[in-house]
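Student: I have a model open and want to go through some local features. Can we take them one at a time?

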Amino acid sequence: MVLVSVFLEILRKPTIGDALSEVMMFIAPLWVAVILGVLVGWAWKPKWANLGRDMLMDCSGSKDSTSASSESSSTGFGSISSLNSIKFLLPSCTSWIMNDGAKKDSFSLPHTLDSNCRSSQIEKEKTGFVTDEDLEHLCKLVEEKDGGPAWIHMMDRSTPTMAYQAWRRDLENGPTEYRSRTVFEDATPEMVRDFFWDDEFRSKWDNMLVSAATMEECPTTGTMVVHWVRKFPFFCSDREYVIGRRIWESGRMYYCVTKGVPYASVPRKSKPRRVDLYYSSWCIRAVESRNGDGKLSACEVLLFHHEDMGIPWNIAKLGVRQGMWGTVQKIDPGLRAYQQERASEVPPSHCAFMAQINTKVSADYQRSLESKINDSSDLETHNSPEKPLGKNIPKLLVVGGAIALACSLDRGLLTKAVIFGVARRFGNIGRRL
């Protein structure tokens, strides 16, 4: 009854401005209390709060890994999604400070490197790692013919040696996907390819990489399975990734696919938390320099990324929007340092050596793939349903009728507000039909 009397007193205010100010003064303390309660509960969460989740994970670990594999291989790109997706947009990392040595000592993995590429490994590669279907999907993303929603432009920035553009698109059921185009001046596609593949050098410029280990590799196709643990800022715990990756070569164009894969040799633990849905792939090729000399002395990287790290997607999207450029502009110094190290005749690391083992894409296969992509794109265009003309309710007609009705009634501001709200809802429904 107290709340009812308070609201009645607010509605009796002479103007709508006074009523809104009273409502805000009434609701603001409640929101502050809710936010403080959530933060305190998250910070001081007892250990027994995770027991139920751990038991559930132990009981359904195999089922989760199977479903995560199919979901990861069937969906398209990023996250930035998320605070950590910023670090992978190109792929990259922000300079959060942490104690690398302590983390590396506290987390160890069995090293099951298999360089013989036995038949069992080839069979697993066909079913669960990186296949030609992933190459086809990446080509569709590059050509913007994957059948997904339209890309929304986010950013267009540049430095003297780098130009950067970014787009995003929101899915109905899934994290936000990101697409970016970066052009590095005075860089070759081969150097950029090795730079992003080199986990050993990554630790020198990616402060969020706690540990990286190669679990398995095939010297024939260059396919690798790597395990990453990444540091997260603020209230998030560390995340671990089991990533399958492979590179295809078509001339001087490189299709680099990395995605989350199931891997029984790395058991699932409560901490660090496993990220199952992860996709970060890019296309690298030589382009003309913006200097206008007509030479192919610049390198273009088209990146597609999404991931689901277990935090609300809207919060992840906000973090990406706020920190994207500050993160991306730190990649270029890392690349220049890598160029200097390679120019000093320092032998490449093992990961950089594996980056040079690529699956060759023949011209015939490339043409057949392009034809297949064009055919599928045309089929989706023909099968797309057209909106029936008779079901579109003109929004102007609905809103105009609401204005006439509101002006004819003398029931106060609240009645008019309800009428306008209902009219707006019906207008949106008519536009969607």
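Student: Pro-262, buried or exposed or in between?
Tutor: Pro-262 is partly exposed, at a relative accessible area of 30%. Buried means under 20% relative accessible area, exposed over 50%, and partly exposed in between, with a 1.4 Å probe and protein chains only. This is a predicted model, where local features need pLDDT of at least 70, side-chain atom pairs count only at pLDDT 80 or more, and totals for chains, interfaces and linings use all residues. Residues are numbered from 1 along each chain as its sequence is written, and side-chain values use heavy atoms, with hydrogens and water left out.

Student: Where does Pro-262 lie?
Tutor: In the loop between strand 7 (253–260) and strand 8 (273–274). Strands (E, at least two residues) and helices (H or I, at least four) are DSSP runs, numbered from the N terminus. The C-alpha atoms of Pro-262 and Ile-243 are separated by 8.5 Å, and the two residues are 19 apart along the chain.

Student: Which peptide bond is cis?
Tutor: The one from Lys-271 to Pro-272, with omega near -5°. Pro-272 is also in the loop between strand 7 and strand 8.

Student: Back to Ile-243. What stands opposite Ile-243 in strand 6?
Tutor: Val-226 does. Strand 5 and strand 6 (residues 239–250) run antiparallel and are joined by seven bridges. Two strands pair if DSSP finds at least two bridges between them.

Student: And how many residues of strand 5 are buried?
Tutor: Seven of its seven, across residues 224–230. Met-224, Val-226, Trp-228 and Arg-230 are on one side, with Val-225, His-227 and Val-229 on the other.

Student: What about strand 4 and strand 5, parallel or antiparallel?
Tutor: Antiparallel, over seven bridges, with strand 4 spanning residues 209–217. Glu-217 stands opposite Met-224. The two strands form a hairpin with six residues between them, and Gly-222 in the turn has a positive phi of about 80°.

Student: How many residues sit between strand 1 and strand 2 in their hairpin?
Tutor: Two. Strand 1 (residues 152–159) and strand 2 (residues 162–169) run antiparallel, joined by seven bridges. His-153 stands opposite Trp-167 there.

Student: Switching to helices. At what angle do helix 9 and helix 12 pack?
Tutor: About 105°, with the axes of helix 9 (residues 189–197) and helix 12 (residues 331–343) 10 Å apart. Axes are lines fitted to C-alpha atoms, for helices over the stretch in contact, and angles run from 0 to 180 degrees between N-to-C directions. That makes helix 9 roughly perpendicular to helix 12, a label for angles of 65 to 115 degrees.

Student: Which residues make the contact?
Tutor: Helix 9 gives Met-191, Val-192, Asp-194, Phe-195 and Phe-196, and helix 12 gives Ile-331, Gly-334, Leu-335, Tyr-338, Gln-339 and Arg-342. Contact means heavy atoms within 4.5 Å.

Student: Where is Asp-186 found?
Tutor: In the loop between strand 3 (177–184) and helix 9. Asp-186 has a positive phi of about 55° although it is not a glycine, and counts as exposed at 54% relative accessibility.

Student: And Glu-345, buried or exposed?
Tutor: Exposed, with a relative accessible area of 73%. Glu-345 is in the loop between helix 12 and helix 13 (350–355), and its phi is positive, about 65°, although it is not a glycine.

Student: Last one: how many residues of helix 8 are buried?
Tutor: Nine of the 12, so helix 8 is largely enclosed by the rest of the structure.

How values were computed:
Angles under 35 degrees count as roughly parallel, over 145 as roughly antiparallel, 65 to 115 as roughly perpendicular and the rest as oblique.
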